[in-house]
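Biologist: Could you take me through the labels in this model? I would like to hear what stands behind each one.

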Amino acid sequence: MDILTTYGTILMALAIIFGLYMTWGIGANDLANAMGTSVGAGAVTVKQAIFIAIVFEFLGAVIAGGHVTSTIRKGIIDPAGIIDNPEILVYGMLASLLAAAFWLMIASTKGWPVSTTHSIIGALIGFAIVGIGPESVKWDKVMKIVASWIISPAIGGTISFLLVMSTRKLILDTDNPLKNAKRYAPFYIFIVGFIISLVTLFKGLKHLNIELSGPESFAFAALIGLLTAAIGWYFVRNIQDIPNENREFHYTSVEKVFTPMMLFTACAMAFAHGSNDVANGIGPLAAVVSIISSGGEVMQSSELPLWILILGGSGIVLGLVTLGYRVMLTVGKRITELTPSRGFCAELAAATTVVLASRTGLPVSTTHILVGAVLGVGLARGIGALDLRVIGNIILSWLVTLPAGAVMAMIFFFTLKGIFG
Amino acid sequence: MPFRSTSPLSRLLRKSPFKPIQEHMRAVFVCICSLPPLFEALFDQDREKVLEHAEQIRNLETEADKIKSRFRLNMPKTLLLPVDREDLLNLIADQDSLADICENIGKILTYRDMEVPHTLKPYIDELLEGTIEVSGEARKMIEELDELVEVGFGGGREIEKVSKIIAGVRKSEHNIDGVLNRTRQELFAIESELNPVDVMFWYKIIELLSNISDQAENMADRLLLFLSR
């Protein structure tokens, strides 16, 4: 108790710094990956991508980010064992943040495909084992999260597979693909707006003091869907068939319709990323803030203060602006193999899956769902070649990340404990 | 700090294998198109020109070979492709043998200063024309591969289009069979007037030319495999 009152301000400041560090890392790498597809397809420039990211990442974090945050904060660890020593939990959360951010930075410089989500969860488990005791880890919850890492890319893959099939049936495989592309484009864009907003609205926006009933949510989502569809229609309506361009590749004009459509999925990706991944950085921060501000109350279930969500969004944007744009450039260059029509299907599927996961409070990996979605396109025979060895690398990086985050969190935990007593 | 992209996505996506196949086919087609000038020089008895054209074909074949090797080295077994990897490798092997045949013909003409029976010329010309036609159709077929990826190699109009081209290749090959028969009959009719070893080589050349259209038809069959689910 004394420790918290004596060092409260310092610990709070540390939490904010570590939280910013972690969210900075997320923005520098993770978000850049999520938006790379749109940049690679030439749908948006890097500048536009950063602008979209700033706006929609924020919106995603503030509007839909709360659920995942509470899972990170309260869902994985049961702090009942240290109810009399709230400072232990504070050290633990600080150590976890620092460990995850540190591991993320090491992996980013080495070029390993680790996930921000895996880093923080590994770190939390690591701290809980030494700080509270192995029984305090909610292993069933952890297993659920691990299972979702397999299930969520599978869902993303299934959706993208179906989307590719639908574009084929409705647009590509018809007498006049361009005409049909323009006809169905607003419909696809409607889906982007409708699904994302519906999933976001469905459980209500309690933390923003907005309560919508089921039908109201439906109506509002449909309205947003129609609005995006109208904007989309405005973008694609003037695309003309230029026969000269089609000589090399017959679907050049059709792809031109999909290019502006990716603008919408880019927004959706940023929104989805914000709703899910921002929690990795601010979940532990929120926990520290709630313990200190309540004077050592470990078990309380206060609402997440809005300023923390905003702080997390800022950290991510900072990471994107300082380093992420460079990552985005390299990622974008290397995924030009994905045509706009395929990229659109993959991004729409991924964004939908991530937002869906966010609503259920599951911390999932955006990048890996995107990988699942791209695999779905590949299984629909829509991509020249996919290197399946990468799947092995991903699994390996998962296996390594959990213990690496855990060990580092343990070291940082004992260090902090040593410093503050 | 060197921040490298950790995106599994950009590693997952490999360059489309259909681009190098198309590039290779274009190179092979240039090889085949060099055959008429080679024979023209032979019938003109212009030894120097014959050597020059043969050399040119040899260089083109080497170019195609390089594309093929690069392609094969970039096709690990872990790739997820819209078509069977084996079929793709066989397809490029078929294409490559077209260039090899051209090179062989060039070699034969350089090794031997052959006697040229002028009554054979119209037959050879017709044969060459047919060979170019059937190879051109085969190349057209390969150029459609990108579009086939877009429609997933299944059903619909693009498939109909490619099926038509494939039917065209087969028809051209069938026509060449007729020309081949007539050419051989003509060669048989005049063979007593020629040097026996030259006759042997002429039969060989006719056979090699027939191999080109055979291989083009093989390619059509491979592509048919892609289309069948």
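Biologist: What makes E52(B) exposed rather than buried?

Modeller: The relative accessible area of E52(B) is 51%. Buried means under 20%, exposed over 50%, and partly exposed in between (1.4 Å probe, protein chains only), so E52(B) counts as exposed. Please keep in mind that this is a predicted model, where local features need pLDDT of at least 70, side-chain atom pairs count only at pLDDT 80 or more, and totals for chains, interfaces and linings use all residues. Residues are numbered from 1 along each chain as its sequence is written, chains are lettered from A and ligands numbered from 1 in the order in which they are written, and side-chain values use heavy atoms, with hydrogens and water left out.

Biologist: Where does E52(B) lie, and which residues form the negative surface patch?

Modeller: E52(B) sits in helix α4 of chain B, residues 47-73; helices here are DSSP runs of H or I with at least four residues, strands are runs of E with at least two, and both are numbered from the N terminus. The patch is made up of E40(B), D44(B), D46(B), E48(B) and E52(B). Patch members have over 30% relative accessible area and no salt bridge, and like charges are joined within 9 Å. Asp and Glu count as negative, and the place of a charge is CG of Asp or CD of Glu.

Biologist: Why is R157(B) called partly exposed, and what about D175(A)?

Modeller: R157(B) has 38% relative accessibility, so it counts as partly exposed. D175(A), at 66%, counts as exposed.

Biologist: What makes R157(B) and D175(A) a salt bridge?

Modeller: A salt bridge is a side-chain nitrogen of Lys or Arg within 4 Å of a carboxyl oxygen of Asp or Glu. R157(B) and D175(A) come to 2.5 Å, N to O, so the pair qualifies. This one crosses between chains, from helix α8 of chain B (residues 156-190) to the loop between α6 (139-172) and α7 (177-201) of chain A. Over all chains, the structure holds 17 salt bridges.

Biologist: Which salt bridge does K68(B) form?

Modeller: K68(B) pairs with D96(B), their closest N and O atoms being 3.0 Å apart. The two link distant parts of the chain, K68(B) in helix α4 and D96(B) in helix α5 (residues 85-111) of chain B, 28 residues apart. Both K68(B) and D96(B) are buried.

Biologist: How do you know that the length of helix α11 of chain A agrees with its number of residues?

Modeller: The expected span is 1.5 Å times one less than the number of residues. Helix α11 of chain A (residues 340-359) has 20 residues and should span 28 Å; its end C-alpha atoms are 28 Å apart, so the two agree. Of those 20 residues, 19 are buried. G361(A), with a positive phi near 80°, follows this helix.

Biologist: Why is R381(A) called buried?

Modeller: R381(A) has 16% relative accessibility, so it counts as buried. R381(A) belongs to the loop between α12 (366-379) and β1 (385-387) of chain A, and its phi is positive, about 60°, although it is not a glycine.

Biologist: What is the phi of Q45(B), and why is Q45(B) called partly exposed?

Modeller: Q45(B) also has a positive phi, near 60°, and is a residue other than glycine. With a relative accessible area of 49%, Q45(B) is therefore partly exposed.

Terms used:
Patch = residues over 30% accessible without salt bridge, like charges linked within 9 Å, V, L, I, M, F, W, Y side chains within 5 Å. Areas by Shrake-Rupley, 256 points an atom, 1.4 Å probe, with all protein chains shown as cover.
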